[in-house]
Amino acid sequence: MAPPIVVQVVVDKPLAQGFDYLWDAQKLGRSPEIGHMVEVQFGRSSLVGIVIKVSAHSEFDINKLKSISRLAPLPPLDPAALRLVSFASQYYIHALGETIIPTIPQMWKKPEAWDKILKKLIVAEEKRKKRTQEEQSEGFISEASLNDGQKQALEKIRTCIKKNEFKTILLQGQTGSGKTAVFLNWLIKVLEDESAQVLLLVPEINLTPQLERRVRAYFPEKRMAVLHSGVSEKERGIAWYEAMTGRTQIILGTRLAALTPLPNLRAIVVDEEHDPSYKQQDGIRYSARDLAIWRAHDLKIPIVLSSATPSLETWIAAKAGRYENIRIDQRAQGAKLPNVHLINMRDPQNQYSPGDIGRPKVKSLISKTLANAISKNLEDKKQSLVLINRRGYAPVLSCGSCAWLSKCQQCSSCMVLHKAGALTKKSVLSCHHCGLSKTIPSHCPDCGNADLKTLGQGTQKIEDFIEEMWSKAKVLRIDTDSSRSSKGAEELFQEIHQGKVDIVVGTQMIAKGHDYQNIGMVAVLDADGRLFSQDFRAAERLFAQLVQVAGRAGRSKGDGEGGGDIYIETQYPESAVFQYLLRHDVDGFLSHTANERQEAGLPPFSYQALVHAEAKSLDKAIQFLGALKEHLRLQGQICNGLRVYDPVPKTVMRVAGTERAQLVIESDDRKQLQAVLEAVDRELRENSQGRISKTSRIRWLIERDPIAL
Ligand SMILES: [Zn+2]
Ligand SMILES: [Zn+2]
């Protein structure tokens with residue numbers, strides 16, 4: 001009798017170890033390989049798992065081992081892909097199984113459908129062939145269309161990259177300087193190798209259609225897969241399969257594409273590398289950008305990080321010479337930068353008096369200066385963008401007679417008033433944290449007063465106000481609410497491009513990467529809130545967003561005219577964010593921020609992790625984290641260079657009836673932090689089932705390199 005084959009399999013559970021199963025080569029039709037996807041019996045359920053070890057022995061009684069039920073019709077995940085998920089699992093203190101399995105599309109996680117899947121793939125392949133034939137008639141773009149600044153940048157990228165060598169390149173250039181054309185031209189060379197694959201990461205789904213069209217125009221003959229959460233499960237399953245088998249050369253996607261197995265990966269681009277959307281905020285909380293850099297290092301390939309406002313981490317690495325810093329010099333092209341206007345809201349001259357806008361009791365929601373600028377822009381037949389980073393009508397409903405506020409009964413936050421619109425037939429109060437929705441009370445629930453008032457303003461209120469003030473203008477609102485209506489975001493943006501809109505009101509969605517052609521001015525209404533946030537990264541984000549939205553102004557078709565206007569309403573025009581913006585001094589702002597962080601010992605000059613705890617009551621969560629801190633102290637883990645702070649409630653303490661606290665662990669040394677986090681993980685696991693503590697029923701999670709505190 002042949003010796004038994006034992007395979008170790010990991011499944012999607014928060015369990016540190018793998019499980020042994022027997023491999024029946026005759027039944028499964030082949031011998032096992034590391035990376036094979038299989039179906040296994042696990043307890044009473046059947047689960048999908050990945051083979052991580054093959055051997056002839058088991059620590060357990062072989063006769064009691066179960067057999068692998070089924071083998072997926074897939075080649076094994078390639079060794080580099082397995083190295084990547086192993087690293088992610090170790091670095092982010094997350095079990096290997098629950099790191100790998102969630103990266104696999106749903107379509108492949110239904111073993112009962114594995115038999116039929118090949119048929120689907122053949123149909124998809126035929127459709128694709130037909131599609132490429134149609135598309136190949138489209139034009140091919142070449143290097144000739146690059147300007148001098150772009151050509152120089154491209155040349156520098158090519159010169160600094162050597163074959164089979166890891167290199168991180170920061171491609172820095174103002175919005176509109178043509179960074180995309182530079183990295184796409186760079187990829188032309190990489191993709192000359194027929195089997196080479198490239199990974200192109202973008203921060204948001206909304207930005208993919210536009211980039212997809214450009215990539216197709218550059219590479220009409222190449223196969224491309226698009227991977228993001230907006231793609232249907234079936235399409236995603238097929239795209240993932242084509243990528244992991246090397247059939248697809250270009251993989252374009254959001255952060256969820258970062259862990260796709262790509263056996264012939266030769267180059268990576270991370271567009272808008274500073275964008276916080278690259279951070280996964282549930283499950284394994286990884287940074288897709290950081291993993292992409294690790295992956296490039298592991299494969300000895302180049303990676304380009306592109307941004308107008310690099311993250312502080314990246315900028316410092318470039319300054320220190322760890323990354324190559326290549327800039328696109330745009331001044332050579334004679335393009336003008338937008339004019340920045342700070343509207344000092346403390347100055348009475350900028351304020352309307354009641355009645356100024358025609359109705360005695362109506363108070364204007366925008367300053368005089370801004371209103372004049374919008375009117376002028378309308379006269380010039382240009383479009384205006386008005387940014388207010390809060391959706392809904394008003395963030396709070398309040399009673400003037402007593403202290404009642406529209407607090408959510410499940411969360412420690414206020415419910416936002418949403419007026420009836422495309423999404424909701426009736427006006428409602430809605431909680432942005434737990435999703436709870438309620439009808440609007442006609443009277444104050446506490447004192448019966450019928451005159452309830454809104455406090456503050458969101459996109460809907462500004463939209464209403466602008467429609468009234470400029471009644472002839474065509475106004476369009478873009479936020480996650482309006483883009484979930486019958487028209488998707490892409491369609492709304494098309495209306496802007498086609499010139500059907502005069503004034504666009506929206507959240508940060510309108511700030512990102514869209515290639516607007518006729519925006520004469522941009523207005524920012526709600527910037528101050530983020531100047532004094534307790535999160536030390538808030539100013540960095542605000543600056544990046546303002547630069548980005550400013551870059552939307554003054555782009556015109558072809559003529560390179562540039563020089564639109566951005567108006568920012570603020571009570572604090574003297575603050576660093578606005579002053580550096582006024583001078584268009586990105587490096588100055590980053591240098592200033594770097595000094596601040598260094599003095600305070602904050603990241604990237606130290607490394608942080610959070611331990612999250614969720615409980616029925618805040619006291620319990622705090623106690624739980626306090627006990628953990630005490631344990632670390634007794635174990636002698638808290639030594640030089642390592643700081644464990646006191647547990648504190650989270651900014652939004654209560655969400656959906658659960659109360660939340662966090663513990664910050666900080667170290668000057670990455671390795672020291674790793675060791676402590678492993679100790680934390682061991683200690684918590686020992687007393688938990690999964691990630692719920694056995695005694696106190698507290699749910700916990702470790703997060704490495706948090707981007708929000
Ligand atoms: Zn009241
Ligand atoms: Zn709520």
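## Zinc ion (ligand 2)

Four donors count as tetrahedral if all angles lie between 85 and 135 degrees. Around the zinc ion (ligand 2) of this predicted model, the four donor atoms subtend angles of 107 to 111 degrees, so the arrangement is tetrahedral. Ideal angles for four tetrahedral donors are 109.5 degrees.

The donors (N, O and S atoms within 2.8 Å of the metal, or 3.2 Å for Na, K and Ca) are Cys-408 (SG), Cys-411 (SG), Cys-431 (SG) and Cys-434 (SG), at 2.3 Å. Their spacing along the chain is C-x2-C-x19-C-x2-C. Cys-411 sits in the loop between β15 (396-399) and β16 (416-418). Cys-434 sits 23 residues away, in the loop between β17 (428-430) and β18 (437-439). Strands are DSSP runs (E, at least two residues), and helices are too (H or I, at least four).

## Helices α5 and α6

The axes of α5 (residues 148-160) and α6 (residues 179-190) come within 9 Å and cross at roughly 45 degrees. Contact (heavy atoms within 4.5 Å) involves Gln-150, Ala-153, Leu-154, Ile-157 and Arg-158 of α5. On α6, the partners are Ala-181, Val-182, Asn-185, Trp-186 and Lys-189.

## Basis

Residues are numbered from 1 along each chain, while chains are lettered from A and ligands numbered from 1 in written order. Local features need pLDDT of at least 70, side-chain atom pairs count only at pLDDT 80 or more, and totals for chains, interfaces and linings use all residues; side-chain values use heavy atoms, without hydrogens and water.

Definitions and conventions. Axes fitted to C-alpha atoms, helices over the stretch in contact; angles between N-to-C directions. Tetrahedral: all angles 85-135°; square planar, octahedral: opposite > 155°, others 65-115°.
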